[in-house]
Amino acid sequence: MAPVAAGLVLALLALVVVRLPWVGDLGMHAATVQRLRHSPLDPGNPLVDADTPSPYYSPWMLLLGTVARVTGLPVFAVLRLAAAAGLALLVTGVWRYVRTLSAHRAAPALALLSLLLLWGTTPFLWSGFLGLNSLALTVSYPSTFTLGLAFHFWAWLTRAVRGAAGWAVWLGLGVLWAVILLCHQFAGVVATVGALATVVAARPGRAVRIRWAAGAAAGAVVLWAWPYYDFFALSGAGDGLEPVHRVLYGHPGARYGLVLLGVAALVPRWRRDHRDPLVVFCALGALVVAAGWLSGHYSWGRALPAAIVPAQLAVALEAVGAGRRWPRAGWAVLLAGALALGGWAQSGTLGYVVPRGALPQAVEDRYRPPWTGYRWITPWVRYGDVVMAEGRPARQIPAYGPYTVAPGYPDFFLPDEARRTAATGTYFAERTPESVRRGIEREYGVRWVVDGTGALDGTRLRAVARGPGGQVLYAVP
């Protein structure tokens, strides 16, 4: 039963990959591929016309940019390939890691269902969070690929600490750890917490500890040598990220309430072994998240999967592996009920592959429509042109090759980000003198303006196209 259900869920996600609905950060990742496609050695800032480094220039995105450059495929076709690769890596990674914890044939499928459905009664969308609805909208993101790598990493590490792995294996694990951190820093934190839990649970001897330290040193060298951005400088990026991430701590019952069943499943595992890897994993993750809340470093909330994933896996394993028949049946019944409730909560995901008119009203009410794109501006706006835009347009337009004046996302490496943001706000203010707007256009090389508020009607700008929602593309004289 579990393999069939998991297969249906994966089929749904495969159909989502074909459609690739757009919400959130897809524009940033498309823009990153655009820059690496056109200039793989010196791509500059992915969003604005500035020569700055960016943490989005990771090994994975460099590979995607190279694929786009060599094949000539459109960027969104490459992102569909990335989504398929990330989903495959995630599924195989979960299978391999769960196999290190249980030999039961249904364990990997049940673990996958728990990871996707055992969240809360309210769908929560965030990169790096594996809820079905969240994954449907972030499957092409680097976070999905990186979490897939993390599961493979934990599987390899588990086998290494249990066996007599040689130096080459440990050095390779160190390099893989660095690649994970470079590809998605927050998922890299989750991978690191899981790795620490694996090592602590294994009680390694001196020889293994030495090789583990050598692998960590090899990973640190890779992080230091990566040429596209200074990884260690990211430690100073917290202040700008904290307000954005505070939402991760809100409404925990509605967003993560079903995970409590997994927390309960950790108790018998702890009784059997105080150093059970999933117990240690969850405890370390919870410590990081709690420290973020207490200290006001809300970006540490991105480590929530480090507390959630081991709990989700624990209840799946108890449902198939608890010692006696009746406890095992009890866990199975509780998990089946929780999965059904979680699946219903995320049933709006069907809207991404089924016409809305064909959905029952109760399911349609849970559906979140994706964003419309900005392909309608591409007959006029060329690659590298600067477009004045704010809000959601600024998050989407760079996906097609243009730049914006202010980045649509926080950018730690852009020194004049605040000035660009202020200039954009001034430009769209209704009472701004035309002379001030002209000065902003000259300073940033603005050739086009996208506006949907009507604030620029009657100005000297020339309207050249109209898009969805009353938006207008203006040409700057």
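**Close-up views of a predicted model**

**View 1. Salt bridge between R395 and D25.** In this predicted model, the side chains of R395 and D25 meet in a salt bridge, with an N to O distance of 3.1 Å. Across the interface of domain 1 and domain 2, one salt bridge is found by the rule. The structure as a whole holds 11 salt bridges.

**View 2. Interface of domain 1 and domain 2.** The protein is divided into domain 1, residues 1–352, and domain 2, residues 375–475. Taken over C-alpha atoms, the centres of the two domains are separated by 35 Å. On the domain 1 side, 27 residues are in contact with 23 residues of domain 2. Between them the domains bury about 2,100 Å², and 63% of this area is on carbon and sulfur atoms.

**View 3. Salt bridge between R447 and D385.** The side chains of R447 and D385 form a salt bridge, at 3.3 Å from N to O. R447 belongs to strand 3 (residues 446–451), while D385 sits in the loop between helix 17 (361–364) and strand 1 (386–388), so the pair ties together parts that are 62 residues apart in sequence.

**View 4. The largest pocket and its position.** The space in the largest pocket amounts to about 1,500 Å³. Both domain 1 (1–352) and domain 2 (375–475) give residues to its lining, so the largest pocket lies between them. The lining consists of 49 residues; Q185, F186, L241, H245 and R302 lie nearest the centre of the pocket.

**View 5. Helices and residue classes in the lining of the largest pocket.** At least two lining residues come from each of helix 2 (26–38), helix 8 (167–183), helix 9 (185–202) and helix 11 (238–245). Helix 11 gives the most, with seven residues. By class, the lining of the largest pocket divides into 26 nonpolar, 15 polar and eight charged residues.

**View 6. The second largest pocket.** About 390 Å³ of space lies in the second largest pocket. Its lining is made of 18 residues, and those nearest the centre are V259, V263, L304, A307 and I308. Helix 12 (252–256), helix 13 (259–272), helix 14 (277–295) and helix 15 (304–321) each contribute at least two residues to this lining. The most come from helix 14, which supplies five residues. Of the lining residues of the second largest pocket, 16 are nonpolar and two are polar, with no charged residues.

Note on methods:
Residues numbered from 1 in each chain as written. Predicted model: local features only at pLDDT ≥ 70, side-chain atom pairs only at ≥ 80, totals over all residues. Heavy atoms only, no water. 1 Å grid on protein atoms, 1.4 Å probe; cavity = no way out; pocket = protein on both sides within 12 Å on 5 of 7 lines; lining within 4 Å. Points joined across faces, edges and corners; volume = space filled by probe spheres on them. Helix = DSSP H or I, 4+ residues; strand = E, 2+ residues; numbered from the N terminus. Nonpolar A, V, L, I, M, F, W, Y, C, P; charged D, E, K, R; others polar. Domains from an automatic or database assignment. Contact = heavy atoms within 4.5 Å. Buried area = accessible area lost by both parts, 1.4 Å probe. Salt bridge = Lys/Arg side-chain N within 4 Å of Asp/Glu carboxyl O.
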